[in-house]
Amino acid sequence: MSIQRIMAVLLAILIALASLSSSGLGTGGHIIRSGFLYGLPLILMGLLLAHVRWALMAGVMYGTVGLALDISTAVQDLTKTGAGAEALLISGVSGLVNFLLIVLGGRGFLDVGTAERPQESPPPNPLSPPGA
C-alpha cells in the first residue's frame, strides 16, 4: 500500500473521529470548524489519491495543526474538573493519528524517486581504438 493511500485512510479516520465529538459553537464557528474537520481532509484525500506530490506536505501541515489542537484539548480536559474520559480518549487517538500523518507525509515527501534511481552504476564507456 502506498504512502498516499495510507495517508488517505488516516484522514478518513480523522473525519470519523471528528464526527464523534461535538461542541456548541455559533453558526460562524460551526462553518469554520466543519470546513477544517471535514472539508480539508476530503480535499487532501482526493489530492493524495490523485498522486499530487505537494499534497503530502499539505497533509503534514494539516496533521501539525491537528496535533497542536489535540494537545491543547487534552490539557484543557485534564485541568478542568469533571472532564469526560471520552473527550480525552478521542483527543488521544486523534493526536496519534495526526502524529502518524506527520511522520508518513514527511517521509513520503522527502523520499524522492527512490524507485526511479538506477540500482547499479552504468557500464563504463568503451575504450576508443588506438590512434583515433
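**Chat: rings, a patch and a serine**

Reader: Starting with Phe36, how accessible is that one in relative terms?

Author: Phe36 has a relative accessible area of 24%, so it counts as partly exposed. Keep in mind that this is a predicted model.

Reader: Okay, and how many aromatic pairs turn up in the whole structure?

Author: One aromatic pair comes out of the search. Phe36 and Tyr62 make a tilted pair, with 4.8 Å centre to centre and 35 degrees between the planes.

Reader: Why does that pair tie parts together?

Author: Because Phe36 is in helix α2 (residues 27–49) and Tyr62 is in helix α3 (residues 54–79), the pair links parts that are 26 residues apart in sequence.

Reader: Is Tyr62 buried or exposed, then?

Author: Tyr62 is buried, at 8% relative accessibility.

Reader: Switching topic: which ring does the charged end of Arg53 sit over?

Author: That would be the ring of Phe109, with the charged end 5.1 Å from the ring's centre.

Reader: Which residues form the nonpolar patch on the surface?

Author: Leu96, Phe99, Leu100 and Val103 form it, and together they have about 350 Å² of accessible area. Leu100 sits in helix α4 (residues 85–110), and its 36% relative accessibility makes it partly exposed.

Reader: What about Ser91, where is it found?

Author: Ser91 is also in helix α4. With a relative accessible area of 7%, Ser91 is buried, since the cut-off for that is under 20%.

Reader: And what is Ser91 in contact with, leaving aside neighbours within four places in sequence?

Author: Ser91 then contacts Asp70, Thr73, Ala74 and Asp77.

Note on methods
Residues numbered from 1 in each chain as written. Predicted model: local features only at pLDDT ≥ 70, side-chain atom pairs only at ≥ 80, totals over all residues. Heavy atoms only, no water. Patch = residues over 30% accessible without salt bridge, like charges linked within 9 Å, V, L, I, M, F, W, Y side chains within 5 Å. Areas by Shrake-Rupley, 256 points an atom, 1.4 Å probe, with all protein chains shown as cover. Salt bridge = Lys/Arg side-chain N within 4 Å of Asp/Glu carboxyl O. Helix = DSSP H or I, 4+ residues; strand = E, 2+ residues; numbered from the N terminus. Buried < 20%, exposed > 50% of the residue type's maximum accessible area, 1.4 Å probe, protein only. Contact = heavy atoms within 4.5 Å. Phe/Tyr/Trp six-rings, centres within 6.5 Å; stacked < 30°, edge-to-face > 60°. Lys NZ or Arg CZ within 6 Å of the ring centre and 35° of its normal.
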